[in-house]
Amino acid sequence: MSRPSTSDLADVLRIAHERSIDYLDSLPERPVFPRASFEDALAALAAPLPDEGEPANEVIDALARAGELAAVASSSPRYFGYVIGGTLPAAIAADWLTSAWDQNAGLWSATPAASAAEQAVAPWLLDLLGLPSTASVGFVTGCQMANFTCLAAARHAVLRRAGWNVETDGLQGAPRIRVVASAEAHVTIHGALKMLGLGTGAIVPVETDGEGRMIEAKLREALRGVDGPTIVCTQAGNVNTGSFDPIAGIVEAAHEKNAWVHVDGAFGLWAAVSTTRAHLVRGVALADSWATDAHKWLNVPYDSGIAIVAHPEEHFGAMSLKAEYLEKTATALREPLDWVPEFSRRARGFALWAGLRSLGRRGLTEMIDRCCDLAVLAAELLRKEPGVEILNDVVVNQTLIRFHGEDPSGDDRLTREVITRVQEDRVCWLSGTRWHDKEAMRFSVSNWSTTARDIEMTVESIVRCYREARGERR
Ligand SMILES: Cc1ncc(COP(=O)(O)O)c(C=O)c1O
(Lines give C-alpha, C1' and ligand atoms only; values in the text may rest on other atoms or scores of the structure.)
Protein backbone atom coordinates (compact mmCIF):
# COMPACT_ATOMS: atom_id res chain seq x y z
CA MET A 1 0.00 0.00 0.00
CA SER A 2 1.19 3.53 -0.77
CA ARG A 3 1.27 6.44 1.68
CA PRO A 4 -2.19 7.34 3.00
CA SER A 5 -3.53 10.46 1.26
CA THR A 6 -5.28 13.33 3.00
CA SER A 7 -8.59 12.11 1.60
CA ASP A 8 -7.93 8.66 3.14
CA LEU A 9 -7.34 10.38 6.46
CA ALA A 10 -10.60 12.32 6.29
CA ASP A 11 -12.47 9.19 5.26
CA VAL A 12 -11.00 6.97 7.95
CA LEU A 13 -11.63 9.55 10.68
CA ARG A 14 -15.18 10.02 9.41
CA ILE A 15 -15.80 6.28 9.77
CA ALA A 16 -14.33 6.24 13.29
CA HIS A 17 -16.38 9.32 14.18
CA GLU A 18 -19.65 7.88 12.89
CA ARG A 19 -19.12 4.51 14.50
CA SER A 20 -18.18 6.13 17.79
CA ILE A 21 -21.30 8.32 17.79
CA ASP A 22 -23.50 5.31 16.95
CA TYR A 23 -21.92 3.37 19.81
CA LEU A 24 -22.11 6.18 22.36
CA ASP A 25 -25.68 7.07 21.40
CA SER A 26 -26.71 3.45 21.88
CA LEU A 27 -25.37 3.26 25.45
CA PRO A 28 -28.59 4.07 27.39
CA GLU A 29 -30.52 1.28 25.61
CA ARG A 30 -27.74 -1.11 24.70
CA PRO A 31 -27.45 -4.39 26.65
CA VAL A 32 -24.43 -3.82 28.84
CA PHE A 33 -22.78 -7.16 28.26
CA PRO A 34 -22.30 -8.32 24.67
CA ARG A 35 -23.75 -11.57 23.39
CA ALA A 36 -20.62 -12.07 21.32
CA SER A 37 -17.86 -13.94 23.08
CA PHE A 38 -14.11 -13.60 23.16
CA GLU A 39 -14.01 -16.44 20.62
CA ASP A 40 -16.34 -14.51 18.28
CA ALA A 41 -14.13 -11.43 18.58
CA LEU A 42 -11.01 -13.50 18.01
CA ALA A 43 -12.54 -15.18 14.98
CA ALA A 44 -13.29 -11.75 13.53
CA LEU A 45 -9.83 -10.35 14.25
CA ALA A 46 -7.38 -13.24 14.07
CA ALA A 47 -6.80 -13.54 10.33
CA PRO A 48 -3.16 -13.92 9.18
CA LEU A 49 -1.38 -10.55 8.94
CA PRO A 50 -1.50 -9.54 5.25
CA ASP A 51 1.75 -8.96 3.38
CA GLU A 52 0.34 -5.85 1.73
CA GLY A 53 -1.32 -3.10 3.70
CA GLU A 54 -5.07 -2.65 3.30
CA PRO A 55 -6.94 0.63 2.81
CA ALA A 56 -7.27 2.36 6.16
CA ASN A 57 -11.03 2.92 5.82
CA GLU A 58 -11.62 -0.82 5.29
CA VAL A 59 -9.36 -1.67 8.23
CA ILE A 60 -11.20 0.69 10.55
CA ASP A 61 -14.59 -0.46 9.35
CA ALA A 62 -13.61 -4.08 10.08
CA LEU A 63 -12.23 -3.13 13.50
CA ALA A 64 -15.36 -1.18 14.40
CA ARG A 65 -17.56 -4.16 13.53
CA ALA A 66 -15.40 -6.71 15.35
CA GLY A 67 -14.66 -4.53 18.36
CA GLU A 68 -18.25 -3.54 18.98
CA LEU A 69 -19.30 -7.16 18.78
CA ALA A 70 -17.60 -8.09 22.03
CA ALA A 71 -17.16 -4.69 23.68
CA VAL A 72 -18.65 -4.42 27.15
CA ALA A 73 -20.64 -1.20 27.38
CA SER A 74 -18.74 -0.24 30.50
CA SER A 75 -19.63 3.42 30.07
CA SER A 76 -23.32 2.50 30.04
CA PRO A 77 -25.40 4.11 32.81
CA ARG A 78 -26.22 0.57 33.98
CA TYR A 79 -22.70 -0.77 34.25
CA PHE A 80 -22.06 -1.27 37.96
CA GLY A 81 -19.12 -3.69 37.84
CA TYR A 82 -15.75 -3.13 39.54
CA VAL A 83 -15.25 0.67 39.80
CA ILE A 84 -15.02 1.61 36.14
CA GLY A 85 -16.70 4.98 35.58
CA GLY A 86 -18.11 6.39 32.34
CA THR A 87 -16.68 9.02 30.02
CA LEU A 88 -17.65 12.67 30.00
CA PRO A 89 -18.35 13.94 26.46
CA ALA A 90 -15.72 16.71 26.69
CA ALA A 91 -13.15 14.21 27.95
CA ILE A 92 -13.76 11.82 25.04
CA ALA A 93 -13.46 14.67 22.56
CA ALA A 94 -10.23 15.82 24.21
CA ASP A 95 -8.95 12.27 24.00
CA TRP A 96 -9.61 12.26 20.24
CA LEU A 97 -7.63 15.48 19.93
CA THR A 98 -4.88 13.91 22.03
CA SER A 99 -4.58 11.13 19.44
CA ALA A 100 -4.69 13.57 16.55
CA TRP A 101 -1.97 15.73 18.10
CA ASP A 102 0.11 12.69 19.11
CA GLN A 103 2.13 14.58 21.69
CA ASN A 104 4.83 12.84 23.71
CA ALA A 105 4.05 14.20 27.16
CA GLY A 106 7.37 13.10 28.64
CA LEU A 107 9.27 16.30 27.97
CA TRP A 108 8.35 19.96 28.04
CA SER A 109 10.48 20.58 24.94
CA ALA A 110 8.58 17.84 23.08
CA THR A 111 5.23 19.42 23.84
CA PRO A 112 4.66 22.72 25.61
CA ALA A 113 0.93 22.07 25.04
CA ALA A 114 0.74 18.83 27.04
CA SER A 115 3.05 20.17 29.74
CA ALA A 116 0.91 23.28 30.08
CA ALA A 117 -2.27 21.18 30.35
CA GLU A 118 -0.73 19.13 33.17
CA GLN A 119 0.55 22.20 34.91
CA ALA A 120 -2.87 23.86 34.61
CA VAL A 121 -4.73 20.82 35.93
CA ALA A 122 -2.43 20.02 38.88
CA PRO A 123 -3.54 22.98 41.07
CA TRP A 124 -7.19 22.29 40.28
CA LEU A 125 -6.75 18.72 41.47
CA LEU A 126 -4.96 19.72 44.66
CA ASP A 127 -7.59 22.31 45.43
CA LEU A 128 -10.54 19.98 44.71
CA LEU A 129 -9.07 17.14 46.74
CA GLY A 130 -8.18 19.48 49.61
CA LEU A 131 -4.47 18.66 49.40
CA PRO A 132 -1.52 21.04 49.99
CA SER A 133 -1.03 23.48 47.11
CA THR A 134 2.72 22.82 47.28
CA ALA A 135 2.39 19.08 46.56
CA SER A 136 3.83 17.64 43.33
CA VAL A 137 1.68 15.78 40.82
CA GLY A 138 2.50 13.01 38.33
CA PHE A 139 0.15 11.82 35.59
CA VAL A 140 0.28 8.03 35.22
CA THR A 141 -1.72 5.19 33.72
CA GLY A 142 -3.83 4.32 36.77
CA CYS A 143 -3.85 3.90 40.49
CA GLN A 144 -1.51 0.91 40.34
CA MET A 145 1.19 3.17 38.93
CA ALA A 146 0.15 6.03 41.21
CA ASN A 147 0.62 3.75 44.23
CA PHE A 148 3.97 2.66 42.79
CA THR A 149 5.13 6.25 42.21
CA CYS A 150 4.06 7.43 45.66
CA LEU A 151 5.62 4.46 47.38
CA ALA A 152 8.84 4.99 45.40
CA ALA A 153 8.90 8.53 46.85
CA ALA A 154 8.20 7.05 50.29
CA ARG A 155 11.03 4.52 49.90
CA HIS A 156 13.38 7.29 48.81
CA ALA A 157 12.41 9.48 51.78
CA VAL A 158 12.51 6.93 54.60
CA LEU A 159 15.84 5.53 53.41
CA ARG A 160 17.32 8.99 52.91
CA ARG A 161 16.41 9.80 56.51
CA ALA A 162 18.24 6.60 57.50
CA GLY A 163 21.32 7.80 55.58
CA TRP A 164 20.82 5.56 52.54
CA ASN A 165 20.51 6.55 48.87
CA VAL A 166 18.33 3.89 47.30
CA GLU A 167 18.55 5.39 43.81
CA THR A 168 22.33 4.93 43.63
CA ASP A 169 22.91 2.08 46.06
CA GLY A 170 19.78 0.00 45.54
CA LEU A 171 18.27 -2.11 48.26
CA GLN A 172 21.09 -4.61 48.84
CA GLY A 173 22.46 -3.84 52.28
CA ALA A 174 19.89 -1.09 52.86
CA PRO A 175 18.16 -0.66 56.22
CA ARG A 176 15.00 -2.76 56.28
CA ILE A 177 11.78 -0.89 55.52
CA ARG A 178 8.57 -1.97 57.25
CA VAL A 179 5.25 -1.28 55.59
CA VAL A 180 2.39 -1.06 58.06
CA ALA A 181 -0.71 -1.57 55.94
CA SER A 182 -4.37 -2.31 56.35
CA ALA A 183 -5.23 -5.99 56.11
CA GLU A 184 -7.69 -4.67 53.49
CA ALA A 185 -5.02 -2.88 51.43
CA HIS A 186 -5.79 -3.08 47.73
CA VAL A 187 -3.84 -5.69 45.82
CA THR A 188 -2.09 -2.93 43.86
CA ILE A 189 -0.33 -1.86 47.07
CA HIS A 190 1.08 -5.39 47.15
CA GLY A 191 1.93 -5.03 43.45
CA ALA A 192 3.79 -1.78 44.08
CA LEU A 193 5.77 -3.31 46.95
CA LYS A 194 6.79 -6.21 44.73
CA MET A 195 7.98 -3.89 41.95
CA LEU A 196 9.83 -1.67 44.43
CA GLY A 197 11.84 -4.62 45.73
CA LEU A 198 10.35 -4.29 49.21
CA GLY A 199 8.24 -7.40 48.83
CA THR A 200 4.91 -8.22 50.38
CA GLY A 201 6.87 -9.79 53.25
CA ALA A 202 7.64 -6.23 54.42
CA ILE A 203 3.98 -5.74 55.30
CA VAL A 204 2.90 -5.60 58.92
CA PRO A 205 -0.86 -6.11 58.51
CA VAL A 206 -3.28 -4.09 60.63
CA GLU A 207 -6.64 -5.54 61.57
CA THR A 208 -9.77 -3.93 60.16
CA ASP A 209 -13.32 -3.59 61.45
CA GLY A 210 -16.54 -4.99 59.98
CA GLU A 211 -16.59 -2.30 57.28
CA GLY A 212 -12.97 -2.90 56.28
CA ARG A 213 -11.58 0.18 58.06
CA MET A 214 -8.18 0.02 59.70
CA ILE A 215 -8.60 -0.03 63.50
CA GLU A 216 -6.60 2.90 64.83
CA ALA A 217 -5.73 1.20 68.14
CA LYS A 218 -4.38 -1.79 66.19
CA LEU A 219 -2.31 0.53 64.04
CA ARG A 220 -0.79 2.14 67.14
CA GLU A 221 -0.01 -1.34 68.47
CA ALA A 222 1.62 -2.33 65.17
CA LEU A 223 3.68 0.87 65.12
CA ARG A 224 4.96 0.14 68.64
CA GLY A 225 6.36 -3.13 67.28
CA VAL A 226 8.37 -1.63 64.41
CA ASP A 227 11.57 0.36 64.33
CA GLY A 228 13.51 2.14 61.61
CA PRO A 229 12.28 3.27 58.19
CA THR A 230 8.51 2.84 58.14
CA ILE A 231 5.76 3.49 55.61
CA VAL A 232 2.08 3.38 56.58
CA CYS A 233 -0.41 2.56 53.82
CA THR A 234 -3.91 3.73 54.46
CA GLN A 235 -7.02 3.66 52.30
CA ALA A 236 -9.73 6.12 51.30
CA GLY A 237 -12.43 3.96 49.75
CA ASN A 238 -12.38 0.20 50.27
CA VAL A 239 -12.89 -1.52 46.92
CA ASN A 240 -15.76 -3.59 48.34
CA THR A 241 -17.53 -1.48 50.96
CA GLY A 242 -16.29 2.00 50.03
CA SER A 243 -15.30 2.53 53.68
CA PHE A 244 -12.55 4.94 54.77
CA ASP A 245 -9.73 4.37 57.22
CA PRO A 246 -9.71 6.89 60.11
CA ILE A 247 -7.00 8.86 58.34
CA ALA A 248 -6.61 11.77 60.79
CA GLY A 249 -5.71 9.46 63.70
CA ILE A 250 -3.54 7.26 61.51
CA VAL A 251 -1.48 10.21 60.28
CA GLU A 252 -0.99 11.48 63.81
CA ALA A 253 0.16 8.08 65.11
CA ALA A 254 2.41 7.45 62.11
CA HIS A 255 4.07 10.87 62.19
CA GLU A 256 4.88 10.41 65.88
CA LYS A 257 7.04 7.49 64.66
CA ASN A 258 8.47 9.54 61.77
CA ALA A 259 6.73 7.17 59.35
CA TRP A 260 5.58 8.18 55.85
CA VAL A 261 1.81 7.96 55.33
CA HIS A 262 0.48 6.99 51.91
CA VAL A 263 -3.23 7.16 51.04
CA ASP A 264 -4.63 4.87 48.36
CA GLY A 265 -7.71 6.79 47.27
CA ALA A 266 -8.32 5.34 43.81
CA PHE A 267 -11.93 6.48 43.87
CA GLY A 268 -12.58 7.45 47.49
CA LEU A 269 -10.38 10.54 47.48
CA TRP A 270 -13.08 12.23 45.39
CA ALA A 271 -15.37 12.19 48.43
CA ALA A 272 -13.46 15.38 49.32
CA VAL A 273 -15.65 17.35 46.89
CA SER A 274 -18.93 16.03 48.28
CA THR A 275 -21.28 18.28 50.19
CA THR A 276 -22.30 15.40 52.48
CA ARG A 277 -19.35 12.98 52.57
CA ALA A 278 -16.22 15.13 52.80
CA HIS A 279 -15.93 14.25 56.51
CA LEU A 280 -14.86 10.75 55.41
CA VAL A 281 -11.49 12.11 54.28
CA ARG A 282 -10.92 14.24 57.37
CA GLY A 283 -7.20 14.65 58.01
CA VAL A 284 -6.21 13.41 54.56
CA ALA A 285 -4.26 16.59 53.74
CA LEU A 286 -1.75 15.76 56.48
CA ALA A 287 -0.58 12.56 54.77
CA ASP A 288 2.63 12.39 52.72
CA SER A 289 1.35 10.95 49.45
CA TRP A 290 -1.90 10.17 47.69
CA ALA A 291 -2.81 7.96 44.74
CA THR A 292 -6.03 8.35 42.82
CA ASP A 293 -7.64 7.72 39.47
CA ALA A 294 -9.30 10.00 36.97
CA HIS A 295 -10.53 7.10 34.83
CA LYS A 296 -12.79 5.85 37.61
CA TRP A 297 -14.98 8.41 39.33
CA LEU A 298 -13.83 11.48 37.43
CA ASN A 299 -15.15 9.83 34.25
CA VAL A 300 -12.29 10.54 31.87
CA PRO A 301 -11.37 7.83 29.34
CA TYR A 302 -8.90 5.09 30.20
CA ASP A 303 -6.17 5.42 31.17
CA SER A 304 -5.59 8.14 33.73
CA GLY A 305 -4.13 7.91 37.22
CA ILE A 306 -2.66 10.62 39.46
CA ALA A 307 0.26 10.40 41.90
CA ILE A 308 0.51 13.26 44.41
CA VAL A 309 3.33 13.80 46.89
CA ALA A 310 3.44 16.36 49.70
CA HIS A 311 7.24 16.59 49.46
CA PRO A 312 8.25 17.44 45.86
CA GLU A 313 11.95 16.85 46.60
CA GLU A 314 11.28 13.23 47.65
CA HIS A 315 9.04 12.68 44.61
CA PHE A 316 11.68 14.18 42.31
CA GLY A 317 14.43 12.24 44.05
CA ALA A 318 12.68 8.97 43.31
CA MET A 319 11.65 9.64 39.71
CA SER A 320 13.90 12.15 37.96
CA LEU A 321 16.20 11.07 35.15
CA LYS A 322 19.30 12.64 33.66
CA ALA A 323 20.69 12.25 30.16
CA GLU A 324 22.74 14.63 28.05
CA TYR A 325 20.35 14.60 25.13
CA LEU A 326 17.28 15.46 27.21
CA GLU A 327 16.67 19.12 26.65
CA LYS A 328 15.27 19.87 30.04
CA THR A 329 14.08 23.39 30.57
CA ALA A 330 16.60 25.66 32.18
CA THR A 331 13.81 27.66 33.77
CA ALA A 332 13.10 24.89 36.27
CA LEU A 333 9.63 24.50 34.84
CA ARG A 334 8.07 21.20 35.69
CA GLU A 335 9.49 18.49 33.43
CA PRO A 336 6.79 15.83 33.18
CA LEU A 337 9.15 12.84 33.10
CA ASP A 338 10.68 13.82 36.44
CA TRP A 339 7.48 12.86 38.29
CA VAL A 340 6.43 9.53 36.78
CA PRO A 341 7.96 6.13 36.01
CA GLU A 342 7.29 6.43 32.27
CA PHE A 343 9.60 8.18 29.82
CA SER A 344 7.51 8.64 26.67
CA ARG A 345 3.81 8.66 27.34
CA ARG A 346 0.33 9.77 26.33
CA ALA A 347 -0.70 13.37 27.01
CA ARG A 348 -3.36 12.59 29.60
CA GLY A 349 -3.62 16.18 30.80
CA PHE A 350 -5.87 17.24 27.90
CA ALA A 351 -8.73 14.88 28.77
CA LEU A 352 -8.41 15.75 32.44
CA TRP A 353 -8.46 19.46 31.69
CA ALA A 354 -11.51 19.13 29.43
CA GLY A 355 -13.38 16.80 31.81
CA LEU A 356 -12.87 19.12 34.76
CA ARG A 357 -13.69 22.29 32.81
CA SER A 358 -16.88 20.74 31.45
CA LEU A 359 -18.03 19.73 34.93
CA GLY A 360 -16.89 22.77 36.82
CA ARG A 361 -16.56 22.62 40.57
CA ARG A 362 -20.30 22.38 41.07
CA GLY A 363 -20.81 19.73 38.38
CA LEU A 364 -18.12 17.54 39.90
CA THR A 365 -19.67 17.82 43.35
CA GLU A 366 -23.09 17.00 41.93
CA MET A 367 -21.74 13.97 40.07
CA ILE A 368 -20.05 12.55 43.16
CA ASP A 369 -23.06 13.23 45.40
CA ARG A 370 -25.46 11.80 42.81
CA CYS A 371 -23.51 8.53 42.52
CA CYS A 372 -23.50 8.17 46.32
CA ASP A 373 -27.21 8.92 46.56
CA LEU A 374 -27.96 6.38 43.84
CA ALA A 375 -25.95 3.70 45.67
CA VAL A 376 -28.06 4.43 48.76
CA LEU A 377 -31.23 4.26 46.64
CA ALA A 378 -30.19 0.84 45.30
CA ALA A 379 -29.64 -0.39 48.86
CA GLU A 380 -33.01 0.98 50.02
CA LEU A 381 -34.90 -0.62 47.14
CA LEU A 382 -33.14 -3.96 47.51
CA ARG A 383 -33.72 -4.05 51.27
CA LYS A 384 -37.47 -4.11 50.61
CA GLU A 385 -37.17 -7.61 49.16
CA PRO A 386 -37.28 -10.22 51.96
CA GLY A 387 -34.12 -12.33 51.89
CA VAL A 388 -31.90 -9.61 50.40
CA GLU A 389 -29.26 -8.30 52.78
CA ILE A 390 -27.10 -5.19 52.40
CA LEU A 391 -23.77 -6.11 53.96
CA ASN A 392 -22.17 -2.68 54.23
CA ASP A 393 -22.86 0.76 55.49
CA VAL A 394 -23.29 2.57 52.15
CA VAL A 395 -21.07 5.57 52.86
CA VAL A 396 -20.19 6.42 49.26
CA ASN A 397 -20.89 4.68 45.94
CA GLN A 398 -20.42 1.00 46.83
CA THR A 399 -23.19 -1.39 47.86
CA LEU A 400 -22.54 -5.02 48.85
CA ILE A 401 -25.46 -7.42 48.58
CA ARG A 402 -26.06 -10.98 49.75
CA PHE A 403 -28.98 -13.27 48.96
CA HIS A 404 -30.54 -15.67 51.44
CA GLY A 405 -32.57 -18.82 50.77
CA GLU A 406 -34.42 -21.30 52.98
CA ASP A 407 -31.19 -23.04 53.95
CA PRO A 408 -28.43 -20.61 55.07
CA SER A 409 -25.74 -23.12 54.07
CA GLY A 410 -26.74 -22.55 50.43
CA ASP A 411 -26.48 -18.75 50.50
CA ASP A 412 -23.05 -18.62 48.88
CA ARG A 413 -24.28 -20.69 45.95
CA LEU A 414 -27.52 -18.73 45.73
CA THR A 415 -25.64 -15.41 45.71
CA ARG A 416 -23.34 -16.62 42.94
CA GLU A 417 -26.33 -17.85 40.98
CA VAL A 418 -28.14 -14.53 41.28
CA ILE A 419 -25.03 -12.74 40.00
CA THR A 420 -24.84 -15.08 36.99
CA ARG A 421 -28.55 -14.67 36.26
CA VAL A 422 -28.34 -10.89 36.50
CA GLN A 423 -25.39 -10.90 34.12
CA GLU A 424 -27.39 -13.07 31.71
CA ASP A 425 -30.47 -10.85 32.08
CA ARG A 426 -28.39 -8.10 30.44
CA VAL A 427 -30.29 -5.15 31.88
CA CYS A 428 -27.16 -4.17 33.78
CA TRP A 429 -23.79 -5.63 34.61
CA LEU A 430 -22.27 -6.12 38.02
CA SER A 431 -19.87 -8.55 39.55
CA GLY A 432 -19.27 -10.61 42.66
CA THR A 433 -16.74 -10.65 45.47
CA ARG A 434 -16.02 -12.38 48.75
CA TRP A 435 -16.59 -10.28 51.81
CA HIS A 436 -15.61 -11.68 55.20
CA ASP A 437 -15.65 -15.22 53.79
CA LYS A 438 -19.05 -14.83 52.23
CA GLU A 439 -20.06 -14.46 48.59
CA ALA A 440 -21.52 -11.06 47.80
CA MET A 441 -22.68 -9.00 44.84
CA ARG A 442 -20.79 -5.71 44.31
CA PHE A 443 -22.66 -2.70 43.06
CA SER A 444 -20.58 0.37 42.21
CA VAL A 445 -22.20 3.58 40.96
CA SER A 446 -19.52 5.67 39.28
CA ASN A 447 -20.98 6.97 36.04
CA TRP A 448 -22.05 10.58 35.39
CA SER A 449 -25.01 9.43 33.25
CA THR A 450 -26.65 6.98 35.67
CA THR A 451 -30.17 8.00 36.71
CA ALA A 452 -32.66 6.88 39.34
CA ARG A 453 -34.54 5.09 36.54
CA ASP A 454 -31.39 3.06 35.77
CA ILE A 455 -31.20 2.04 39.41
CA GLU A 456 -34.87 1.03 39.45
CA MET A 457 -34.48 -1.04 36.26
CA THR A 458 -31.40 -2.68 37.74
CA VAL A 459 -33.07 -3.47 41.05
CA GLU A 460 -36.06 -4.93 39.19
CA SER A 461 -33.69 -7.20 37.28
CA ILE A 462 -31.83 -8.25 40.46
CA VAL A 463 -35.07 -8.99 42.34
CA ARG A 464 -36.50 -10.92 39.38
CA CYS A 465 -33.34 -13.04 39.11
CA TYR A 466 -33.29 -13.60 42.87
CA ARG A 467 -36.91 -14.76 42.93
CA GLU A 468 -36.30 -17.09 39.99
CA ALA A 469 -33.14 -18.54 41.52
CA ARG A 470 -34.81 -18.97 44.88
CA GLY A 471 -37.99 -20.44 43.37
CA GLU A 472 -36.02 -23.08 41.53
CA ARG A 473 -34.28 -24.11 44.73
CA ARG A 474 -37.44 -24.72 46.70
C1 LIG B 1 -8.55 1.15 46.31
C2 LIG B 1 -7.97 0.87 44.97
N3 LIG B 1 -6.65 1.05 44.75
C4 LIG B 1 -6.08 0.82 43.56
C5 LIG B 1 -6.82 0.37 42.50
C6 LIG B 1 -6.14 0.12 41.19
O7 LIG B 1 -6.49 1.10 40.26
P8 LIG B 1 -6.13 0.99 38.71
O9 LIG B 1 -6.98 -0.12 38.19
O10 LIG B 1 -6.50 2.30 38.14
O11 LIG B 1 -4.68 0.69 38.58
C12 LIG B 1 -8.19 0.17 42.66
C13 LIG B 1 -9.00 -0.35 41.55
O14 LIG B 1 -10.17 -0.68 41.69
C15 LIG B 1 -8.79 0.44 43.91
O16 LIG B 1 -10.11 0.30 44.11
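Axes here are lines fitted to C-alpha atoms, for helices over the stretch in contact, and angles between them run from 0 to 180 degrees between N-to-C directions. With that in hand, welcome to a few close-up views of this predicted model.

**View 1. Helices α6 and α8 cross at roughly 50°.** Helix α6 covers residues 143-161 and helix α8 covers residues 187-195, and their axes come within 9 Å. This angle makes α6 oblique to α8, because angles count as roughly parallel under 35 degrees and as roughly perpendicular from 65 to 115. The crossing of α6 past α8 is right-handed. On the α6 side, look for Cys143, Gln144, Asn147, Phe148 and Leu151; they meet Thr188, Ile189, Gly191, Ala192, Leu193 and Met195 of α8. Sorted by class, this contact has seven nonpolar residues, four polar ones and no charged ones.

**View 2. Helices α4 and α12 cross at roughly 155°.** Here α4 spans residues 89-101, α12 spans residues 349-383, and the two axes come within 8 Å. Because angles over 145 degrees count as roughly antiparallel, α4 is roughly antiparallel to α12. Their crossing is right-handed. From α4, the contact draws on Ala90, Ala91, Ala93, Ala94, Asp95, Leu97 and Thr98. From α12 come Phe350, Ala351, Trp353, Ala354, Gly355, Arg357 and Ser358. Nine nonpolar, three polar and two charged residues make up this contact of α4 with α12.

**View 3. A shell of 13 residues surrounds the ligand.** The closest of these residues are Gly142, Cys143, Gln144, His186 and Ala266. By class, the shell around the ligand holds five nonpolar, six polar and two charged residues.

**View 4. A cis peptide bond joins Tyr302 and Asp303.** Omega for this bond is about -5°. To find the spot, go to the loop between β6 (289-293) and β7 (305-309), where Asp303 sits.

**View 5. Tyr82 has a positive phi.** Its value is about 40°, although Tyr82 is not a glycine.

**View 6. The protein chain is assigned two stretches, domain 1 and domain 2.** The domain assignment places domain 1 at residues 6-73 and domain 2 at residues 95-355. Taken over C-alpha atoms, the centres of domain 1 and domain 2 are separated by 36 Å.

Key: Residues numbered from 1 in each chain as written. Predicted model: local features only at pLDDT ≥ 70, side-chain atom pairs only at ≥ 80, totals over all residues. Near = placed C-beta within 6 Å. Nonpolar A, V, L, I, M, F, W, Y, C, P; charged D, E, K, R; others polar. Helix = DSSP H or I, 4+ residues; strand = E, 2+ residues; numbered from the N terminus. Left-handed = near helix turned anticlockwise from the far one by under 90°. Contact = placed C-beta atoms within 7 Å. Domains from an automatic or database assignment.
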